[in-house]
Amino acid sequence: KFLTGGMPGVQETFAKNCGDGSRVWHLLPSGQQSGYGTGTDINAGADLEERKAIFALVGDIYVSVEGGSGVAQEAKEAYGRGAF
């Protein structure tokens with residue numbers, strides 16, 4: 001199973017190349033949609049900051065291909081709780 005942040009770019013390309021999308025979910029702030037046309041959108045958190053905090057709590061293994069300070073913060077929080 002795979003979880004993305006629902007952002008355009010690498011995450012969207014990844015999601016669109018995961019077969020039929022049945023194993024892909026996109027975690028987005030309340031009221032937002034990925035628009036990917038594949039996978040399942042899940043809303044969590046009132047805004048992007050809350051969504052990022054939740055994202056850092058739900059995985060066991062994280063793969064980061066690109067990103068700035070927000071991705072670095074998510075990775076730090078996830079690693080701090082024992083994720084790889």
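The legends below describe close-up views of a predicted model.

**View 1. Strands S1 and S2 lie side by side.** Strand S1 covers residues 2-4 and runs parallel to S2, with three bridges joining the two. Within this pairing, Leu3 stands opposite Trp25 in S2. On the way from S1 to S2 the chain passes through H1, and this β-α-β crossover is right-handed. Strand S2 spans residues 24-28 and is mostly covered, as four of its five residues are buried.

**View 2. Strand S2 also pairs with strand S3.** S3 consists of residues 40-43, and four bridges link S3 to S2 in the parallel sense.

View 3. The side chains of Glu12 and Lys16 meet here, with 2.9 Å from N to O. Both residues belong to helix H1 (residues 10-16) and are four residues apart, about one turn of the helix. An α-helix has 3.6 residues a turn, so residues three or four places apart point the same way. Lys16 has a relative accessibility of 44% and counts as partly exposed, because that class lies between under 20% for buried and over 50% for exposed.

View 4. Arg51 is joined to Glu74, with 3.0 Å between the closest N and O atoms. Arg51 lies in helix H2 and Glu74 in helix H3 (residues 69-80), so the pair ties together parts that are 23 residues apart in sequence. Arg51 is buried, with a relative accessible area of 5%. Glu74 is buried too, at 12%. The count of salt bridges in the model comes to three.

**View 5. Helix H3 and the residue that follows.** How far apart are the end C-alpha atoms of H3? They are 16 Å apart, which agrees with the 16 Å that the 12 residues should span at 1.5 Å a residue. Tyr79 is located in helix H3 and counts as exposed, with a relative accessibility of 64%. Tyr79 is 18 residues from Ile61 in sequence, and their C-alpha atoms are 9.2 Å apart in space. Just after H3 comes Gly82, which has a positive phi of about 105°.

**View 6. A nonpolar patch on the surface.** The patch is formed by Val10, Ile61, Val63, Val65 and Phe84, which together have about 590 Å² of accessible area. One of these residues, Val63, is placed in the loop between H2 and H3. Val63 is exposed, because its relative accessible area is 73% and the cut-off for exposed is over 50%.

Terms used:
Residues are numbered from 1 along each chain as its sequence is written. This is a predicted model: local features need pLDDT of at least 70, side-chain atom pairs count only at pLDDT 80 or more; totals for chains, interfaces and linings use all residues. Side-chain values use heavy atoms; hydrogens and water are left out. A salt bridge is a side-chain nitrogen of Lys or Arg within 4 Å of a carboxyl oxygen of Asp or Glu. Buried means under 20% relative accessible area, exposed over 50%, partly exposed in between (1.4 Å probe, protein chains only). Patches are made of residues with over 30% relative accessible area and no salt bridge: like charges are joined within 9 Å, nonpolar side chains (Val, Leu, Ile, Met, Phe, Trp, Tyr) within 5 Å. Accessible areas come from the Shrake-Rupley method with a 1.4 Å probe; for residues, only the protein chains shown count as cover. The expected span of a helix is 1.5 Å times one less than its number of residues. Two strands pair if DSSP finds at least two bridges between them. A crossover is right-handed if, with the strands pointing away from the viewer, the path from the first strand over the helix to the second runs clockwise.
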